[in-house]
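The tour goes from one selection to the next.

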Amino acid sequence: MTDPASHRRTAAVIPAAGRGVRLGPGAPKALRALGGTPMLIHAVRAMAASRAVSLVVVVAPPDGAPQVKILLDEHALPERTDYLVVPGGETRQESVRLGVDALPEDITDVLVHDAARPLVPVETVDAVIEAVRDGAPAVVPALPVADTVKQVEPRGKGEPEPVVATPERALLRAVQTPQGFDRETLERAHRTVTAVGEGATDCAGMVERLGAPVVVVPGHEEAFKVTRPLDLVLAEAVLARRRANDGF
Ligand code: CTP
Ligand code: MG
């Protein structure tokens, strides 16, 4: 019998075209340094660390594709991993679509991974890929939430906001990336679900709207998203801890 995994080829699309407004002024977020290396390079290496990933597609800031190409040429990836750089769009959803449009025909499975999650461990990447190869059309890594979450009626800045509901915390999960998809499902979601406002911040949400099943696998603390300045402090601390542990 042939191994059903043998004809699967997995690519990772890395949306890295955002500005990083919440991080404050400076270079586009994906190009900011973490432990002396651009966040994007950490994210690319995190995907390339999985033996199953044969191609990484980086979606660069719209005017930054040549610079990102140079950056990737300078930082060695494993022999087995190819990479491509394409310019991104106005929203994450558009950037992901541009990355997916650039995939070669032989790719069957797609990971979508935020450049802003530079420290995701390879075990999480592999768990997502495995669940897709086992037949799930869409897979998201996620963790239980620590805070209680309230739904509110948004009001102007500083104005008290009425609470509408308190979802039961035990039923909630905070989702991370890489999210994994059967390619056909992800492409159908991008063809079918039209962007409203800022577009979808989560590809799996688009698949849900198709009515296709989405499953959650365990995420990882170190897969957190660098969003605000304090997240950079945490990311530097995680890197320092890794370096200390590697020293032993
Ligand atoms: N992203 C993208 N194209 C966009 C907007 C976002 O590729 N037009 C990417 C970001 O580069 C990031 C990921 O989507 O890797 C998650 O987005 P987020 O954390 O919101 O990053 P930014 O949009 O850059 O940050 P901010 O919202 O604070 O400006
Ligand atoms: Mg954003």
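Predicted model: local features only at pLDDT ≥ 70, side-chain atom pairs only at ≥ 80, totals over all residues.

A polar contact is a pair of N or O atoms within 3.5 Å.

Start with ligand 1 and select A115. One of the backbone N or O atoms of A115 is 3.2 Å from an oxygen atom of ligand 1. Next, select G18, where a backbone N or O atom sits 2.9 Å from an oxygen atom of the ligand. Then go to G89: a polar backbone atom of this residue is 3.0 Å from a nitrogen atom of ligand 1. On its own, ligand 1 has 560 Å² of accessible area, and the protein covers 86% of it.

Now show the surroundings of ligand 1. There are 18 residues around the ligand, and P15, V21, R22, S95 and K225 are the closest.

The largest nonpolar core has 32 residues; select L40, V44, M47, V58 and L111, the members that touch the most others. The largest share, 6 residues, is from α1.

Which residues is V58 in contact with, leaving aside its neighbours within four places in sequence? Select I14, A16, L40, V44, V68, L72, L84, V85 and V86 to see them.

For the last stop, select V13, L186, C203 and V207. These four are among the 24 residues of a second, separate core.

Note on methods. Residues numbered from 1 in each chain as written. Chains lettered and ligands numbered in written order. Heavy atoms only, no water. Core = buried A, V, L, I, M, F, W, Y, C linked by side-chain atoms within 4.5 Å. Buried < 20%, exposed > 50% of the residue type's maximum accessible area, 1.4 Å probe, protein only. Helix = DSSP H or I, 4+ residues; strand = E, 2+ residues; numbered from the N terminus. Contact = heavy atoms within 4.5 Å. Near = heavy atom within 4 Å. Polar contact = N/O pair within 3.5 Å; in protein donor to acceptor, adjacent residues only side chain to side chain. Areas by Shrake-Rupley, 256 points an atom, 1.4 Å probe, with all protein chains shown as cover.
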